[in-house]
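Reader: Please take a close look at the aromatic rings of this model, at how they pair and at what surrounds them.

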Amino acid sequence: MEGTPLQIKTNSTLGSGVRIRVLMYDKDSSYIGDAGVWFSSPMQYLIGSCTNSWTDLPVQPPVEVEKIWTITKTDTGIIITCNNVEVLNYLFADSSHGSCVTKWGGDVEEIKFISSRDTASDFYRAEPECPAFTVEGSTQGNWDASPTGTTATIECAATHILMGSATLTCQEDGSS
């Protein structure tokens with residue numbers, strides 16, 4: 001999950017009581033922890049192996065009923081966005097649980113949804129991205145792989161002329 005965030009689609013309203021729960025495992029299929037969002041009022045989160053109980057999200061998500069949640073695990077924490085709004089940036093080091101940092105320190109290799117615990121998720125996928133690319137004669141030269149919605153602006157070196165659009169935007173299907 002470190003290199004590929006997880007996207008989850010929901011169609012649930014604030015206060016409906018449904019939940020997103022994603023269980024995460026390492027390469028040996030050992031449980032690391034889980035990430036959860038509860039459609040309570042206000043909405044709350046849980047990070048398994050790190051938090052003691054459900055806690056209010058620091059930023060409440062947008063009001064739209066249809067939501068795309070993106071869960072990103074980094075080396076130091078978990079970031080959750082909803083419809084491109086960051087609602088949680090949880091740092092493992094902030095946990096009072098001594099095992100939080102060590103449990104979440106490795107790579108997530110497998111995820112599971114258990115229907116009795118996850119009642120909100122309609123669909124999930126790896127977050128789409130556009131591949132890295134190179135433009136000969138540009139001032140930047142190389143662009144890294146980028147998530148959907150990212151726009152690259154191409155500027156030519158003094159000895160080159162741009163033919164076509166100066167911008168490329170990464171589309172939902174991974175094209176530019």
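Author: A residue is called buried under 20% relative accessible area, exposed over 50%, and partly exposed in between. In this predicted model, F113 has a relative accessible area of 25% and is therefore partly exposed. Y124, with a relative accessible area of 46%, is likewise partly exposed.

The ring centres of F113 and Y124 lie 4.6 Å apart and their planes meet at 35°, so the pair is tilted; planes must be under 30 degrees apart to count as stacked and over 60 to count as edge-to-face. The pair links distant parts of the chain, 11 residues apart: F113 belongs to the loop between β9 (110-112) and β10 (121-126), while Y124 belongs to strand β10.

Another pair is formed by F39 and W69. Their ring centres are 5.9 Å apart and their planes stand at 75°, so this pair is edge-to-face. F39 is located in the loop between β3 (31-38) and β4 (44-47), and W69 in strand β6 (residues 66-73), so the contact ties together parts that are 30 residues apart in sequence. Both F39 and W69 are buried.

Charged side chains also meet aromatic rings. R19 is placed over the face of W38, at 4.2 Å from the ring centre. The ring of Y25 has the charged end of K112 over it, 4.7 Å from its centre.

Key. Residues numbered from 1 in each chain as written. Predicted model: local features only at pLDDT ≥ 70, side-chain atom pairs only at ≥ 80, totals over all residues. Heavy atoms only, no water. Phe/Tyr/Trp six-rings, centres within 6.5 Å; stacked < 30°, edge-to-face > 60°. Helix = DSSP H or I, 4+ residues; strand = E, 2+ residues; numbered from the N terminus. Buried < 20%, exposed > 50% of the residue type's maximum accessible area, 1.4 Å probe, protein only. Lys NZ or Arg CZ within 6 Å of the ring centre and 35° of its normal.
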